[in-house]
Amino acid sequence: MSSTDPEPDLTDPVHENRALQATESRVAIAGHPLHAMLVAFPIALSFCVLGADLLYWVTGDGFWPVAAGWAAFGAFAMGVVAGITGTVELLIVPGIRNRSASWTHFILAVMLLSLMGANWWLRIGQPEAAVLPLGLLLSLIVAGLTGVTGWHGGKLVFDYQIGTSAGSSSRPSG
Ligand code: HEM
């Protein structure tokens with residue numbers, strides 16, 4: 001090999017394999033991942049916004065846009081908090097960081113959080129005027145993307161055991 005040849009790309013397969021297996025959650029309370037507990041809030045609230053928008057469309061009752069505005073704020077705020085726990089997990093756990101599927105989930109989630117933020121911002125000071133048509137359209141897109149992101153988060157857990165406890169599969173059930 002001449003001195004001008006590039007360095008061979010040497011990786012330690014044993015180390016690489018170990019890094020992929022280290023998927024246990026570190027942002028957790030007694031082994032229960034905080035992210036999994038927190039995502040329930042933005043998921044539920046984004047569907048509440050859609051429901052309130054549809055109810056305003058059907059009934060014209062001014063209560064629903066105000067409820068939608070608060071739900072949109074809650075979805076965004078809790079989504080950011082959940083996103084922070086997920087991001088810390090993504091960066092510090094090798095088996096999460098080294099999987100492309102985790103980064104796909106991150107990209108989906110950041111797009112979702114941007115749209116959740118826009119859906120709240122749009123309603124500030126003008127809850128009724130914001131609903132038709134743009135608010136409702138955004139709520140539909142947010143609900144759809146919430147479904148995709150949540151489904152994909154579930155895939156991380158079910159397909160790669162990300163965030164699960166290392167010993168759980170060997171314990172007897174019941
Ligand atoms: C912003 C960045 C985000 C990152 C980096 C991230 C990362 C992760 C990671 C690493 C997991 C595996 C479980 C764990 O280790 O806790 C996960 C699961 C999950 N994520 Fe996210 N996430 C983000 C945002 C979101 C958002 C906004 C949602 C809401 C739709 C969401 C929905 C889920 C769901 C439903 C699971 C499965 C939880 C379970 O069944 O245990 N994630 N996410």
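G95 touches A19, L20, Q21, A22, T23 and I162, when residues up to four places away in sequence are not counted; two residues are taken to be in contact if their C-beta atoms, placed from the backbone, lie within 7 Å. The structure is a predicted model, in which local features need pLDDT of at least 70 and side-chain atom pairs count only at pLDDT 80 or more, while totals for chains, interfaces and linings use all residues. Residues are numbered from 1 along each chain as its sequence is written.

G95 itself lies in helix α5 (residues 94-97). Helices (H or I, at least four residues) and strands (E, at least two) are DSSP runs, numbered from the N terminus. With 18 other C-beta atoms within 10 Å, G95 is partly exposed; a residue is buried if 20 or more other C-beta atoms, placed from the backbone, lie within 10 Å of its own, exposed if 12 or fewer, and partly exposed in between. G95 and E24 are separated by 71 residues in sequence, yet their C-alpha atoms are 8.0 Å apart in space.

The protein chain contains 7 helices and 2 strands, and these follow the pattern α-β-β-α-α-α-α-α-α along the sequence. Of the 174 residues in the protein chain, 31% are buried. Among contacts between residues at least 6 apart in sequence, 75% join residues at least 24 apart.

Packing between helices was examined for two pairs. Two packed helices are described by the angle between their axes and the distance between the axes. Axes are lines fitted to C-alpha atoms, for helices over the stretch in contact, and angles run from 0 to 180 degrees between N-to-C directions. Helices α3 and α4 pack at an angle of about 160 degrees, and their axes are 8 Å apart. α3 is therefore roughly antiparallel to α4; angles under 35 degrees count as roughly parallel, over 145 as roughly antiparallel, 65 to 115 as roughly perpendicular and the rest as oblique. The crossing of α3 past α4 is left-handed, a term used if the near helix is turned anticlockwise from the far one by less than a right angle, with right-handed used if clockwise. On the α3 side, the contact is made by F41, P42, L45, S46, C48, V49, A52, D53, L55 and Y56. The α4 side contributes W64, P65, A67, A68, A71, A72, G74, A75, M78, G79 and A82. By class, this contact has 17 nonpolar, 3 polar and 1 charged residues, where Ala, Val, Leu, Ile, Met, Phe, Trp, Tyr, Cys and Pro count as nonpolar, Asp, Glu, Lys and Arg as charged, and the others, Gly among them, as polar.

S46, a residue of helix α3, is buried, with 30 other C-beta atoms within 10 Å. Its contacts, leaving aside neighbours within four places in sequence, are with A75, M116, V142, A143 and T146. The C-alpha atoms of S46 and M116 are separated by 7.9 Å, although the two residues are 70 apart along the chain.

In the second pair, α6 and α7 pack at an angle of about 155 degrees, with a distance of 9 Å between their axes. This angle makes α6 roughly antiparallel to α7. α6 likewise passes α7 in a left-handed crossing. The residues of this contact divide into 15 nonpolar, 10 polar and 1 charged.

Around the ligand there are 31 residues, of which G83, G86, A109, G153 and G163 come nearest; a residue is near a molecule or strand if its C-beta atom, placed from the backbone, lies within 6 Å of it. The elements that give two or more residues to this shell are α2 (34-38), α3 (40-59), α4 (63-92), α6 (100-121) and α7 (127-160). The shell has 16 nonpolar, 14 polar and 1 charged residues.

Several backbone features were also noted. The peptide bond from L132 to P133 is cis, with omega near 0 degrees, and P133 lies in helix α7. A30, a residue other than glycine, has a positive phi, near 50 degrees. A30 is placed in the loop between β1 (28-29) and β2 (32-33), and counts as exposed, with 4 C-beta neighbours inside 10 Å. Q161, also a residue other than glycine, has a positive phi near 55 degrees. Q161 is found in the segment after α7 and is partly exposed, with 16 other C-beta atoms within 10 Å.
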